[in-house]
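Student: I would like to learn how to read helices and strands in a structure. Could we go through some cases together?

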Amino acid sequence: MAKSLFDKIWEAHVVQPAPGGLDIVYIDRHLIHEVTSPQAFDELEARDLPLFRPARILATADHNVPTRNQHLPIEEPLSRSQVDKLTANCAKYGVELYGLGHARQGIVHVIGPELGLTLPGTTIVCGDSHTSTHGAFGAVAFGIGTSQVAQVMATQCLLLSRPKRMRISIDGDLRPGVTAKDLILYVISQLGTGGATGYFVEYAGSAVRALSMEGRMTVCNMSIEMGARGGLIAPDETTFAYVQGRPYAPKEAAWDQAVAYWKTLFSDEDTVFDAEHRFDAAAITPMITYGTNPGMGIALNGHIPSKVPASEAESFDKSLQYMGFQRGESLLGKEINYVFIGSCTNSRIEDLRAVAAYVRGKQKAGHVEAIIVPGSKQVEQQAIAEGLDKILADAGFELREPGCSACLAMNEDKIPAGAYCVATSNRNFEGRQGPGSRTLLASPLVAAITAVQGRIVDITQYLN
Amino acid sequence: MEKFQTLHSSAVPLPLENIDTDQIIPARFLKATTREGFGENLFCDWRRNPDGSPKPEFVLNDPKYSGQILLAGKNFGCGSSREHAAWALDDAGFRVVISSYFADIFRGNALNTGLLPLQVTDAELNRLFALVERDAATQFVVNLPEQTLHVPATGDSFHFDIDAYKKECLINGYDDIDYLVSQKPAIEAYEQARTWNW
């Protein structure tokens with residue numbers, strides 16, 4: 001029987017069926033960070049359970065960490081206590097920690113792939129909804145709650161019902177100035193913020209195949225923003241080339257054996273999906289969001305919808321009121337106060353290169369504060385090695401140290417109430433970047449051009 | 001985990017769609033390292049002004065409404081995987097959230113917290129909102145063993161679905177970890193039998 005990519009990986013990880021139609025699913029990689037792990041470690045202790053497979057856990061400090069002066073002790077006491085607790089727990093239980101000061105510290109969804117821990121055909125979980133990022137490698141990767149973090153710590157397994165399968169195919173060529181971020185913002189705007197709830201999504205089609213690994217990670221990262229349990233892309237030569245030679249990637253004979261297996265990981269031709277959507281890549285234009293969920297996106301030169309179904313009107317108008325926008329309005333010409341380039345969605349070297357390539361020799365607008373937060377120490381070092389730091393500094397952008405930063409504003413990096421921020425992150429929820437902040441999600445290229453122009457523009461007229 | 005059988009309560013209506021977990025418990029409150037105390041900041045930015053004073057128009061500040069049931073618009077709990085959202089609702093005294101659908105991760109987190117995510121149809125949800133709008137004191141009876149939601153005053157009765165295993169867990173106060181730990185021999189056998197182990 002024809003099988004989907006998702007089913008092939010899932011079935012290879014079923015330890016055994018469990019009562020109620022559930023499966024005991026084995027987890028190959030467990031990523032943990034300081035915010036959603038402390039209560040799970042406490043649960044192990046309270047139940048007097050050992051940590052079952054410490055070697056399968058990767059820990060980092062990212063959500064809460066400052067993005068300036070990381071060599072100094074963390075000033076904010078609660079953040080410091082959470083990071084200290086992670087450090088103590090990792091030492092106690094023998095978990096490898098890529099914490100502050102480590103040459104490979106960074107956002108958990110950036111460093112997993114960099115280390116070669118994210119591999120095709122694996123199952124990967126983390127107490128973070130953007131774990132779907134790792135699906136870019138043809139892995140079944142998804143976010144979990146803290147109770148489940150404790151379950152994986154105790155047994156390396158989860159008790160799960162198999163989600164439905166959805167395939168989203170995007171064929172054709174993306175137009176100039178249109179990036180992976182625009183592609184996924186477009187898909188989410190079409191399906192809505194809950195449009196894939198209950199499904200695991202496979203992204204397919206020639207436009208997806210043509211994406212770099214960084215682009216694929218951006219796409220899979222935002223699967224959760226339409227409610228999907230996760231998203232994945234069949235591994236191919238692009239995937240293998242990215243993985244080969246990384247610290248934890250298989251080597252020599254094991255590499256050949258791995259690649260031979262990974263080449264079997266695709267959806268069979270006759271696979272029947274529970275839902276299918278097809279889009280034309282050429283129909284996608286640079287995107288931006290105008291509301292308070294990621295499904296509220298439009299073409300940069302488009303208009304905010306003037307009509308919505310009656311049942312959605314109250315939520316829709318509340319959202320526009322929060323953002324200070326009107327139904328039917330264009331965003332072109334709106335003044336912007338902040339530009340944030342970072343997060344597990346868009347903080348990789350390719351993103352920094354795209355920004356630097358545009359701003360080289362230009363200046364950000366005087367009233368805009370522009371910060372770039374690299375996804376990891378490795379990205380930061382690479383940017384410095386390529387001289388991007390100087391280009392960015394000359395253009396008035398501040399290059400910070402790695403972390404989740406203003407994506408969720410747990411640390412000091414907050415957007416003030418009422419201010420507008422064009423952000424390359426993944427969520428525009430009310431208060432996401434700080435109480436009262438107003439977020440417009442976009443690609444790194446759109447963010448860079450916005451920073452220079454100081455307002456929302458139709459970027460197709462400003463491309464270098 | 002607290003056991004759940006039946007609940008008699010009025011409901012607090014929040015008829016907005018796509019209520020995300022950043023609203024339920026904003027990220028800046030996730031710095032605690034224990035599970036307790038999150039109820040204090042449940043819906044903080046909707047409930048309170050920046051100076052800490054209550055926003056009188058928000059339903060949790062309206063003395064007319066009370067109860068252990070939250071009635072919310074569809075796609076409740078979307079966004080972040082933070083289980084703190086379920087802990088905050090639980091800590092604030094809610095035992096049931098009714099919506100016409102739940103985001104997947106929130107649903108799982110709620111069940112693991114002992115908070116019942118009770119899913120009804122869109123039409124049923126509209127009916128429930130109308131009942132509460134007409135009479136804020138309307139009593140509901142949630143019967144988990146029977147999988148019914150009943151309104152004694154009007155005779156309305158709705159059936160709801162729940163995974164059979166999760167239902168047993170809620171009724172008995174069990175959680176997945178007990179079951180998984182009991183399956184360790186099978187898990188070790190799976191590890192041994194696997195031909196690849198990257």
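**Reading helix pairs and strands**

Tutor: Start with two helices of chain A: α12(A) passes α13(A) in a right-handed crossing. Keep in mind that this is a predicted model.

Student: At what angle do helix α12 and helix α13 of chain A pack, and how far apart are their axes?

Tutor: Helix α12 covers residues 349-359 and helix α13 covers residues 377-385 of chain A; the angle is about 35 degrees and the axes are 9 Å apart.

Student: Which residues of α12(A) and α13(A) meet?

Tutor: From α12(A) come A:Ile349, A:Leu352 and A:Arg353, and from α13(A) come A:Val379, A:Gln382 and A:Ala383. Sorted by class, this contact of α12(A) with α13(A) has four nonpolar residues, one polar and one charged.

Student: How do helix α2 and helix α5 of chain A pack?

Tutor: Helix α2 (residues 38-46) and helix α5 (residues 146-155) of chain A have axes 8 Å apart and an angle of about 50 degrees. Because of that angle, α2(A) is oblique to α5(A). The crossing of α2(A) past α5(A) is right-handed. On the α2(A) side the contact is made by A:Gln39, A:Ala40, A:Phe41, A:Glu43 and A:Leu44, and on the α5(A) side by A:Thr146, A:Val149, A:Ala150, A:Met153 and A:Ala154. By class, the contact of α2(A) with α5(A) has seven nonpolar, two polar and one charged residues.

Student: Is the pairing of β1(B) with strand β6 of chain B parallel or antiparallel?

Tutor: β1(B) pairs with strand β6 (residues 140-143) of chain B in the antiparallel sense, over four bridges. In β6(B), B:Phe140 is the bridge partner of B:Ser9.

Student: In what order do the four strands of the open sheet in chain B lie?

Tutor: The order is β2-β3-β4-β5 (chain B), with parallel pairing. The edge strands, β2 (11-14) and β5 (116-119) of chain B, each pair on one side only. From one strand to the next, the twist averages 20 degrees.

Student: How many bridges join β2(B) to strand β3 of chain B?

Tutor: Four bridges join β2(B) to strand β3 (residues 69-72) of chain B, and the two run parallel. As one example, B:Val12 has B:Leu70 in β3(B) as its bridge partner.

Definitions and conventions:
Residues are numbered from 1 along each chain as its sequence is written. Chains are lettered from A and ligands numbered from 1 in the order in which they are written. This is a predicted model: local features need pLDDT of at least 70, side-chain atom pairs count only at pLDDT 80 or more; totals for chains, interfaces and linings use all residues. Side-chain values use heavy atoms; hydrogens and water are left out. Two strands pair if DSSP finds at least two bridges between them. Axes are lines fitted to C-alpha atoms, for helices over the stretch in contact, and angles run from 0 to 180 degrees between N-to-C directions. A crossing is left-handed if the near helix is turned anticlockwise from the far one by less than a right angle, and right-handed if clockwise. Contact means heavy atoms within 4.5 Å. Ala, Val, Leu, Ile, Met, Phe, Trp, Tyr, Cys and Pro count as nonpolar, Asp, Glu, Lys and Arg as charged, and the others, Gly among them, as polar. Angles under 35 degrees count as roughly parallel, over 145 as roughly antiparallel, 65 to 115 as roughly perpendicular and the rest as oblique.
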